[in-house]
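Me: Hey, can you walk me through this one? I'm new to reading structures.

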Amino acid sequence: MELCELTAHEAAATLRARELSSVELTHAYLERIEAVDPLLHAYLTVMRDEALAMARAADARLAAGEAGPLTGIPIALKDVLVTEGVETTAGSRMLKGYIPPYSATVVERLRDAGAVFLGKTNMDEFAMGSSNEYSAFGPVLNPWDTARVPGGSSGGSAAAVAADAATIALGSDTGGSIRQPAALCGVVGLKPTYGRVSRFGLIAFASSLDQIGPLAKDVTDAAILLGAIAGHDPRDSTTVDLPVPDYTASLVPDVKGLRLAVPREYFVPGMQPGMEEMVRSAIGALERMGASVGEVSLPSTPHALATYYIIAPAEASANLARFDGIKYGFSAAAPTMWEAYGKTRAQGFGPEVKRRIMIGTYALSATYYDAYYVKAQKIRTLVKRDFDAVFARYDAVLAPTSPSVAFELGQKTTDPVQMYLSDVCTLPVNIAGLPGISVPCGLLDGLPVGLQIITPAFGEELLVRIAYAYEQSGHYERQRPVLGNKVVSGS
Amino acid sequence: MEFEPVIGLEVHAQLLTRSKMFCGCSAAYADAPPNTHVCPVCMGAPGVMPVINEEAVRDTVKVALALHCEIPPFSKFDRKNYPYPDLVKGYQISQYDMPMSRHGYLDVAMDGAPFRVGIVRVHLEEDTAKLLHRLPATRGPRAGGAYSLMDINRSGVPLIEIVSAPDIHSPEQARAYAQTLRSVLQYLGVNEGDMEKGSLRCDANISLRPRGTTGLGVKTEVKNMNSFRALQAALAYEIRRQAEVLRSGGTLVQETRGWDEARGETLPQRSKEFAHDYRYFPEPDLPPLEFSPAYVEEVRASLPELADARRARLVAQYGLPEVDAATITASRALADFYEAAVAAAPQGAARDVANRLLSDVGGLLNAQGIEIDQSKLTPGNLAAVVRLLQDGTLNSKTARAVLEETFTTGKDPAAIVKEKGLTRIADPAQLEPVVRTVVASNPKPVADYRTGKTAALEALLGKVMGQTRGQADPDVARELLQKALAE
């Protein structure tokens with residue numbers, strides 16, 4: 001087996017058995033990145049020297065018998081996570097060349113766990129986008145078909161894992177930015193409950209929705225990485241002080257007696273033909289394993305998209321105000337301060353970021369605050385109540401992750417609303433603060449499809465258990481993409 | 001037409017917490033070099049998050065309780081958005097519609113005309129960075145244009161905003177209110193109270209209305225007043241200015257005006273096109289604040305004795321006149337000084353200590369424009385002077401001289417007495433020759449006295465005091481003079 005094809009848990013076992021060193025594994029990945037990344041553009045920064053130094057340190061820990069499950073494992077970090085001393089751009093021209101003075105809490109936790117950082121992955125600018133086409137540094141391409149998008153905004157992380165250019169990766173999910181690219185690239189992506197993972201050092205897009213989570217080759221790896229990053233952080237007051245369970249203990253293929261809900265609103269009009277059948281077939285596999293499945297309604301779902309596109313831009317408009325060209329990052333020269341502000345932001349931000357800043361500024365303005373922001377917060381409550389009502393009778397909700405498979409580059413960039421609709425199945429989960437996972441459940445026209453599982457808040461153990469059970473069901477055996485530009489004509 | 005001013009004050013006070021409002025940096029930046037009390041959080045680096053300083057929250061509750069405010073069980077922080085380089089995040093974390101406290105009042109005991117000012121709210125926020133504007137340099141890399149420097153040390157220092165109701169009706173009342181408020185903050189130990197250094201800042205909203213009416217006129221907001229005196233002067237100017245506009249049939253515009261100390265006038269600061277929409281919304285990075293009744297009561301129980309209570313106690317405990325007690329307790333520092341001096345002075349000298357403190361020391365403080373804790377006078381030295389007075393070593397006049405000396409040098413009063421030979425002369429044998437000389441060389445007042453103008457005695461006594469450089473015991477000297485004149 002190719003070294004780069006190993007999952008994290010397989011690689012960890014091999015490392016601990018001393019059959020392989022982390023330096024060897026890291027070298028293999030650096031070579032793999034060199035070979036495939038010119039095709040994919042998944043990485044913005046490859047941390048070659050740091051990676052090898054970290055691998056050597058990991059090998060010392062392994063030799064001393066002090067290794068944990070991630071010691072020596074090569075990991076990719078979405079470029080929205082700040083890394084001390086390593087350029088962090090969030091996919092924006094605004095932060096080109098910016099070297100942060102500190103590291104995100106999750107980055108520190110992974111460093112402490114002995115992980116090896118391969119590099120920083122490409123993303124939609126400031127995590128705003130569903131296709132990665134809004135990266136200021138050029139799009140990531142889908143390893144299954146380089147004429148297609150990988151999804152977004154964590155498209156770089158998803159593509160890197162799918163193309164074996166990272167064992168495992170971190171992404172961030174504000175409206176589906178982990179789960180949707182995971183689905184489109186055929187990997188596992190998990191968005192934890194809001195408050196489960198520290199956001200300190202995550203360059204904020206929408207603070208009440210953002211959450212960091214793993215992208216992985218299988219559910220086991222996602223569970224391991226989640227366990228490493230979860231938990232209370234005194235530097236993030238929105239993290240919850242609950243003990244972090246051993247998520248790997250939930251890796252049991254048993255769903256007997258579980259009540260699974262399928263919300264009819266998630267099978268949206270305009271969904272790609274064949275998608276519904278594929279997802280329902282995957283749900284059928286869980287039913288055959290002993291779960292019961294019921295059709296339910298989450299009636300506020302159609303309003304979730306509009307709500308999201310008020311709340312997220314509103315928060316973003318404030319979060320991005322600090323980029324004024326004075327303290328760090330891109331700075332345009334101009335004769336006066338106000339002109340410099342204007343030029344810096346006009347030239348530093350891309351079109352989608354500007355669009356959202358304007359929407360958010362408008363929604364928060366005194367005249368429209370009640371009509372938009374206040375109303376959106378009320379609908380947010382309704383969306384939560386919908387889920388609460390379903391969870392009173394069911395253990396989990398199952399749905400498609402994305403209404404379509406990976407679409408072609410340029411297909412939706414001219415129509416922002418079409419792009420926003422890509423997240424219609426994922427963003428209610430962020431609005432309600434719930435955990436969700438996308439697991440690969442088949443290929444449609446030769447392109448990956450994701451099954452989304454949603455559980456109550458802090459129900460990640462159940463989430464992992466159902467996802468693992470599905471993975472083990474044999475309904476779909478994960479496939480690897482053959483890199484290159486394919487002309488797709490049915491599978 | 002007669003106008004009545006309607007004034008409300010917004011006072012910003014930096015809290016004396018150890019760390020800043022939302023990060024671990026030291027808040028004591030006053031004498032630190034620029035940009036040394038900073039970290040990614042208070043510099044607004046990408047990705048940082050705020051963490052609430054519990055000490056600052058507690059201090060705010062203290063202030064609110066001292067101002068008789070209600071503490072609602074829930075409050076929250078909001079983002080106040082506006083672009084300016086002194087605001088490193090592009091928004092200030094402040095409180096908008098759910099402040100930590102509301103509906104209080106402050107009683108102001110202004111010289112015989114006490115009044116009450118409503119407190120609309122006390123809320124907690126973060127201070128901004130400081131901009132230092134520089135004129136164009138003639139040479140060097142910045143030659144040519146004006147530029148500004150940023151000092152981020154102040155960014156994120158906890159700041160409370162105390163908003164008064166428009167219950168103030170004169171510049172004198174405004175000043176008295178602000179001074180009383182400062183006293184409360186100082187009693188609580190939460191603020192330094194230095195307007196010049198900016199640890200205490202005061203903005204005023206002022207409008208005029210025809211006396212006897214209850215409506216509100218067009219208001220202006222006056223800023224940039226760096227002392228209590230400036231506050232009073234700026235408001236007096238603004239009243240004149242507004243009245244002139246109204247009397248001449250003009251209309252006032254709602255605007256922000258800055259007090260120009262040098263010119264002695266207020267000038268418009270921002271034009272209307274910059275009228276701000278701060279786009280407040282709840283700060284998503286912070287949980288709401290929740291206060292249990294038990295917490296509020298615990299903070300209330302921890303409040304120190306405030307000025308009102310202390311004044312009453314000084315009257316009861318030391319027998320001070322009400323007005324003296326009020327003057328002493330107006331400043332916590334002065335009251336602390338007084339009580340320390342009383343403790344060091346002889347039994348029963350409390351009133352003498354008060355007299356010396358208010359007359360002699362008060363005069364010295366006023367003359368130099370400083371506070372008691374900025375002088376070199378110690379409570380022990382004031383007590384020593386009182387002791388020297390009581391045991392007859394000093395008289396009233398020499399006591400003042402000794403006080404003045406120890407006030408500026410900090411020297412021990414006994415040493416000053418010895419050094420200057422100021423010991424009182426009460427020995428008749430020593431004074432007798434002086435008295436005789438004075439009687440012999442001042443025939444006019446002697447003749448006056450002898451023809452019944454007894455007031456002339458005081459002139460002669462003055463001569464005796466003068467010749468002894470104030471050391472003569474006036475009672476002994478008077479007795480000797482009378483005896484000599486009767487001869």
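Predicted model: local features only at pLDDT ≥ 70, side-chain atom pairs only at ≥ 80, totals over all residues.

Me: What order do the strands of the open sheet in chain A come in?

Reply: The order is E1-E3-E2-E4-E6-E5-E10-E11-E9-E7-E8, so it's an open sheet of 11 strands with mixed pairing.

Me: And which strands stand at the edges?

Reply: Those are E1 (43-46) and E8 (292-296) of chain A; each has a single partner strand, so one side of each has no neighbour in the sheet. From one strand to the next, the twist averages 30°.

Me: How do E5 and E10 of chain A run, parallel or antiparallel?

Reply: Antiparallel, with 3 bridges joining E5 (residues 188-191) to E10 (residues 436-444) in chain A. Gly189(A), for instance, has Ser438(A) in E10(A) as its bridge partner.

Me: Which strands does helix H7 of chain A touch?

Reply: H7 (residues 219-229) packs on the sheet and touches E4, E5, E6 and E10 of chain A. Its direction makes about 150° with that of E6(A).

Me: Switching topic: how many residues of chain B are in contact with chain A?

Reply: 24 residues of chain B, which meet 34 residues of chain A. On the chain B side, 15 are nonpolar, 4 polar and 5 charged.

Me: What domains is chain B divided into?

Reply: Domain 1 (8-206 + 276-299), domain 2 (305-420) and domain 3 (428-486). The contact between domains 1 and 2 of chain B takes 6 residues from each. On the domain 1 side, helix H2 (residues 171-188) of chain B gives the most, with 4 residues.

Notes:
Residues numbered from 1 in each chain as written. Chains lettered and ligands numbered in written order. Pairing = 2+ DSSP bridges. Helix = DSSP H or I, 4+ residues; strand = E, 2+ residues; numbered from the N terminus. Axes fitted to C-alpha atoms, helices over the stretch in contact; angles between N-to-C directions. Contact = placed C-beta atoms within 7 Å. Nonpolar A, V, L, I, M, F, W, Y, C, P; charged D, E, K, R; others polar. Domains from an automatic or database assignment.
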